[in-house]
Amino acid sequence: METILNPEYELWQGLCCRASFDDTLIAQRVAGILERVQKGGDGALREITREIDGTAPADFKVSGEEIEAACRKVSQELKSAIAQAAANIRKFHEAQRTLDVEVETMPGIVCRRRQMPISRVGLYIPGGSAPLFSTLLMLAIPAGIAGCREIVLCTPCSPQGEVSPAILYAASVCGVSDIYKLGGAQAIAAMAYGTESVPKVHKIFGPGNRYVTKAKQMVSATGTAIDMPAGPSEVMVLADNTANPVFVAADFLSQAEHGPDSQAILVCDNRQFAERTFAEINRQLALLPRENIASKALEHSRIIVFEEGRQKQIEFANSYAAEHLIVSLADPWEAASQITAAGSVFIGNYSPESAGDYASGTNHTLPTMGLATAFSGIGLDSFMHSITYQELTPRGLESIGTTIVTMAEAEGLEAHAAAVKCRLAQ
C-alpha cells in the first residue's frame, strides 16, 4: 500500500482508479451458461451446478420444513440482532414512501404520476464463507414495504444441499418463502428467463462475484432490469487530527476483508497521521482471520495526504465518488454538506461503515466504481415503477393544439399533427 503526498490534479484520475481485471474469459463462460439455462431450463441448471460444484441438490426449492429446521439452529443472540436491524431498516424505508402527483398544467389538461410495486423481483444472496443475510434484510424489507407481489430468492447451498441457517432465518423474518438453492451465473439466468422451477422475475437485485456481476449485466441487455452496475466494495475515509487512527484502520480493514479486489482509501491532511494509521493497519491486519484476503485488497489501496487541508480532501472525495465515505473531520457535517458524490456518508468518529452494513437503517446496497456521481443506493423506489397519465378535455386540447401541431410539423411527423387536427375539426 503506497502513500502519496500532495498529488497534483493531473494525477487524480489515476488515483481514483479501482482494481481492474480482464473479464473476457468470464464473459464467454457466462454467455454460455445463460444460453444453456434459457434453452434447457431445470435440466441445464442441474448440469451446470454439477459441473461447477460437483453436486446438485435433489430439489432446488427450499421446503418449509428446511426453513423451520434452519431457524431452530440460529442462536437467540443472532435472532435478537436481526430483529433490531430489521426494525431500523424497516423504519428508514417506510419513511421513503412518496405521494402520487396530480397537476392541472393548463385548464382542461390534467397530468398524473402514480407509483406502483414491481410485481415480481429476484434477490441474489451470496453464500459460501460469508453468507450475506444482512443483504437479504436490505433487499427483502423494502420489497415488502413496496408491495412486491412475489419475491424470489436464490442463494447457494453447501455440498450437502443445505442453505445457511442465518439466510433462511432472515428470509422468514422478511416473509420470503420462495427460496431456491442456486448460486452463480446460473441463478441469475434462472431468474431472468424462468425455468420449470424458478419463476421469471422483472428485476434482479443483489451482489455477487464477477460471474454473477457479469451475468446481471448481460441479462439487463435482454429485457431483465437489474438494481445497478456493481463492482468490488470500497471505502474512503476523510481524516484530520481529530480522527482516531485505530478507528480509521479498522474501517480500512472492514472493507479490505470483503475480497481481494476491494479498495480502501485514506485522505488525510498530514504525514504524521498517515504514518500512525499505516502502522495501525498493519497491527490490526495481523489479527484478522481473513488476513490473506485483506492483504491482497491493500495492494491496490492507498493513503493520500493533502497538506493544503480539507478543501482538497473534499474535492478529491467528490472525484473518487466512494461507495462508502467516512467523514472523520472537525465539524464533519459542514464537510459532508460539500459532498456531491458518494453512495452513503458516515459522519464523525463514531459512525463506522459497518453500522450502515448491518443495523443503522440505511441500505448497504450502493453504487461502486465511481458510479455514485449518477447512481443512488437501493431505496424503496428501487422496488417500484411509475406510470404517468394525462387527460385532456376538448377545451384543453384546443388550448394546446396549435403548439402540438407546430412542433410535430417542425419535426416532419405529419401523422402526429393529424391526430390533433382531426379532433379539433370535430
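**Salt bridges, cysteines and a helix face**

Colleague: E409 has 34% relative accessibility; what does it count as?

Modeller: Buried means under 20% relative accessible area, exposed over 50%, and partly exposed in between (1.4 Å probe, protein chains only). At 34%, E409 is therefore partly exposed.

Colleague: What kind of model is this?

Modeller: Residues are numbered from 1 along each chain as its sequence is written, and side-chain values use heavy atoms, without hydrogens or water. Local features need pLDDT of at least 70 and side-chain atom pairs 80 or more, while totals for chains, interfaces and linings use all residues, since this model is predicted.

Colleague: Which residue does E409 meet in a salt bridge?

Modeller: A salt bridge puts a side-chain nitrogen of Lys or Arg within 4 Å of a carboxyl oxygen of Asp or Glu. E409 has such a partner at 2.7 Å, N to O: K421.

Colleague: Which helices hold E409 and K421?

Modeller: Helices (H or I, at least four residues) and strands (E, at least two) are DSSP runs, numbered from the N terminus. The pair ties together parts twelve residues apart in sequence, because E409 lies in α15 and K421 in α16.

Colleague: How far apart in sequence are the parts tied together by E234 and R18?

Modeller: Their side chains meet in a salt bridge, at 2.8 Å from N to O. E234 lies in strand β9 and R18 in the loop between α1 and α2, so the separation is 216 residues.

Colleague: Are E234 and R18 buried or exposed?

Modeller: E234 has 0% relative accessibility, so E234 counts as buried. R18 has 14%, so R18 also counts as buried.

Colleague: How many salt bridges does the whole structure hold?

Modeller: R36, E47 and E51 are linked in a network of them. D227 forms another with K216, with the closest N and O atoms 2.8 Å apart. A search of the whole structure finds 17.

Colleague: How many disulfides are there?

Modeller: A disulfide needs a pair of cysteine sulfur atoms within 2.5 Å. The sulfur of C17 is 7.5 Å from its closest cysteine sulfur, in C16, so the two are too far for a bond. For C422, the nearest cysteine sulfur is that of C111, 20 Å away. The number of disulfides is zero.

Colleague: Which helices do the buried residues of α11 pack against?

Modeller: A294, A297 and L298 are the buried residues of α11. They cover an arc of only 100 degrees (from the directions from helix axis to C-beta atoms), which puts them on the same side of α11. Contact means heavy atoms within 4.5 Å. Their packing partners are α9 and α10.
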